[in-house]
Amino acid sequence: MSVLVYVEQVEGKFKKSVFEAVSYAKAIADQQGTSLSAISIGNVAESELNELGKYGASKILKVEADQLKNFVNQAYASVIAEAAKNESANIVVISNSFSGKGLAPRVAVKLKAGLVDGAVELPTTDGGFSVKKTAFSGKAFAIATLTSENKVIALNPNAFGVKENAVSVAIEAFSPEVKSSDLTAIVKEIVRATNKVSLPDAEIVVSGGRGLKGPENWGMVEELADLLGAATACSKPVSDADWRPHSEHVGQTGIAISPNLYIAIGISGAIQHLAGVSSSKVIVVINKDPEAPFFKVADYGIVGDAFEVVPKIIAALKAHKA
Amino acid sequence: MKILVCISNVPDTTTKITFTGDNTEFNTAGVQYIVNPYDEIALSRAIELAEGGKGTVTVINVGEAATEPTIRKALAIGADDAVRVNGAPRDAYFVATQIAEYAKSNDFDIILCGRESIDYNGSQVAAMVGELLDIPSISIIKKLDYDGSTATIEREIEGGKEVVSVSGKFVASCAEGTAEAKIPNMRGIMSARTKPLQVIEAVAVEEVGKISKFETPAPRGSVKLIPAESAEELIGLLHSEAKVI
Ligand SMILES: Cc1cc2nc3c(=O)[nH]c(=O)nc-3n(C[C@H](O)[C@H](O)[C@H](O)COP(=O)(O)OP(=O)(O)OC[C@H]3O[C@@H](n4cnc5c(N)ncnc54)[C@H](O)[C@@H]3O)c2cc1C
Ligand SMILES: Nc1ncnc2c1ncn2[C@@H]1O[C@H](COP(=O)(O)O)[C@@H](O)[C@H]1O
């Protein structure tokens, strides 16, 4: 028995969500009285791999085959399942990122494992192995009890936090055989805005709704986001109208997020919108209508015209940073 | 070209979520069910690809008889025929196994799902079907072109997109961008009544786990209002009181 965590790299680097996954997997290993290994696929420098030791990964399997340079879930799932077997790992932890969502189910099927997706807490082990996860687009939580011998857990970003737990690291090369039939999907192009904070991982999100009247008014939203190191988001009608890209749409039929701080500007707070954002730790609502439903779930509210309020906040933030 | 679209039957997005039986069961009283919004997107793209006699679109749902109105809605949107696998959709593994079993004997070129069902939000079924059939699965796509043998797909990644090319059979789970959801017209609704809806029995699947309990989020404290004239105070509060900046 042991725990295996998959550490997703992006251009050779690990994001905070990976350190969270390692911290979480380490806590499970401690809880189970067993060891933790990590598996990294793709080209990552040793110095970067050593970072994982800070969070408790003492053994790292490094897979560097050329044909695995790009993420192909079918092949990566085979490699991870193979590693789990070699390490006798019965619990596999994966970040619930866009790639993780396509990967974890395949690993689970290969290992005949029960899968908890969108986990938000450590497992409890009294009366069965149970993990709390989001359900109904953030309107509720479900406790999933796994009865299978092997288990796969996909951890939501920003749910567990990063916990330091320094150990010394041993890096081992791992070179499983890769079937060509696992590599029929071919990555042609990757387009990534490197200067922007990505929405699902963001600790702070500044979001705009129809109250902002038009795409030309997003300058102040972006300025506020930049000053806060935040990602930008929007309500559904805003992306439907092409004021903003679909990838920014949050809510029940968009991305569900749980940042530390969510600032909603000119958004009414419809049930479908709240579903995806209400697990944010702190919510600020700026709306000119005191009756807007969003105020009912807000921690801080400003009743006022966004075009007057937001510039004031930007000025105050600049002063605060200076 | 044969396309299979997987449809889940979910509570309407306006549903207030409550539970019964000491929080062990979802309270279905008064709940309206709809075609999962992402599945409408998948179905709409499938219909576009098949248009002009280029192919056929079959929808499949794993569910009990009560889901048939949802299946008819999918037929009204424009699917050619439908299959219901008779069985309660216990979990994603159960559902994926049923879909894969059906697909094995029916030779589909493309299998489309929604990115996730808005009830249990697994994002699991598509990739599991791919694994069970040992074919590629691309999760959370926002664009799908298909020339009859090769698909060019854009999938969502953090802060951008990835373009993937797939030859041969594949599964994909569709998000916004893939298509505009089509709304059934009168002719569609009329013809849906007579389109074929086949019912087959579910195969047995080993249980790997279950939902043992639900929780509703803790209610928030009341809002602290800051007058608009002194909006700048927000920054101090976020810094020293909420400690988030
Ligand atoms: C199936 C389905 C799924 C859906 N999924 C989602 C989803 O995932 N996400 C989502 O967001 N929505 C979703 N919706 C839509 C949702 O029901 C609402 O229509 C939507 O959230 C409203 O967006 P909004 O708040 O930007 O716009 P509105 O409701 O029009 O609200 C605009 C707000 O701006 C305020 N305002 C106007 N001018 C100013 C100003 N100058 N300064 C400050 N405030 C101002 C107004 O008081 C108002 O409260 C869904 C709907 C359906 C039917
Ligand atoms: N009971 C079901 N019957 C058919 N397809 C389903 C069912 N449940 C889920 N799906 C499909 O799988 C997708 C993802 O669902 P999930 O993995 O539950 O989030 C949905 O958008 C549907 O396309």
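A salt bridge is a side-chain nitrogen of Lys or Arg within 4 Å of a carboxyl oxygen of Asp or Glu. Keep that rule in mind for the views below, which come from a predicted model.

**View 1. A salt bridge joins D299(A) to R220(B)**. Here the side chains of one residue from each chain meet, with 2.8 Å from N to O. Why does this pair count as a salt bridge? The N to O distance of D299(A) and R220(B) is 2.8 Å, and the rule asks for a nitrogen within 4 Å of a carboxyl oxygen, so the pair qualifies. Side chains of opposite charge can pair when their charged atoms come close. The rule finds 6 salt bridges across the interface of chain A and chain B.

**View 2. Chain A and chain B share an interface**. How many residues does each chain bring to the contact? Chain A supplies 88 and chain B supplies 78. Between them the two chains bury about 6800 Å², with 57% of it on carbon and sulfur atoms. Look on the chain A side for F98(A), F136(A) and Y300(A), which lose the most area to chain B. Together these three residues make up 12% of what that side buries.

**View 3. Helix 4 of chain A packs on helix 4 of chain B**. The chain B helix covers residues 125-133, and the two axes lie 8 Å apart at an angle of about 45 degrees. That angle makes helix 4 of chain A oblique to helix 4 of chain B. The crossing is right-handed. From chain A, the contact uses G102(A), P105(A), R106(A), V109(A) and K110(A). Their partners in chain B are A127(B), M128(B), G130(B), E131(B) and L132(B).

**View 4. Helix 3 and helix 4 of chain A cross within one chain**. Helix 3 spans residues 73-86 and helix 4 spans residues 98-110. Their axes come within 9 Å and cross at roughly 45 degrees. The two helices are therefore oblique to each other. Helix 3 of chain A passes helix 4 of chain A in a right-handed crossing. Among the contact residues are Y76(A), A77(A) and I80(A) of helix 3, along with L103(A), R106(A) and V107(A) of helix 4. By class, the contact divides into 6 nonpolar, 4 polar and 2 charged residues.

**View 5. Helix 5 of chain A packs against helix 8 of chain A**. Are these helices roughly parallel or roughly antiparallel? Helix 5 (residues 219-228) and helix 8 (residues 306-321) meet at about 25 degrees, with axes 10 Å apart. That makes them roughly parallel. Helix 5 passes helix 8 in a left-handed crossing. Helix 5 contributes residues including M220(A), L224(A) and L227(A), while helix 8 contributes residues including F307(A), V310(A) and I314(A). The contact holds 11 nonpolar, no polar and 3 charged residues.

**View 6. R45(B) and D145(B) form a salt bridge in chain B**. The closest N and O atoms of this pair are 3.5 Å apart. R45(B) sits in helix 1 (residues 37-50) and D145(B) in strand 9 (residues 137-146), so the pair ties together parts of chain B that are 100 residues apart in sequence. Over all chains, the structure holds 34 salt bridges.

Definitions and conventions
Residues are numbered from 1 along each chain as its sequence is written. Chains are lettered from A and ligands numbered from 1 in the order in which they are written. This is a predicted model: local features need pLDDT of at least 70, side-chain atom pairs count only at pLDDT 80 or more; totals for chains, interfaces and linings use all residues. Side-chain values use heavy atoms; hydrogens and water are left out. Axes are lines fitted to C-alpha atoms, for helices over the stretch in contact, and angles run from 0 to 180 degrees between N-to-C directions. Helices (H or I, at least four residues) and strands (E, at least two) are DSSP runs, numbered from the N terminus. Angles under 35 degrees count as roughly parallel, over 145 as roughly antiparallel, 65 to 115 as roughly perpendicular and the rest as oblique. A crossing is left-handed if the near helix is turned anticlockwise from the far one by less than a right angle, and right-handed if clockwise. Contact means heavy atoms within 4.5 Å. Ala, Val, Leu, Ile, Met, Phe, Trp, Tyr, Cys and Pro count as nonpolar, Asp, Glu, Lys and Arg as charged, and the others, Gly among them, as polar. Buried area is the accessible area (1.4 Å probe) that two parts lose on being put together, summed over both.
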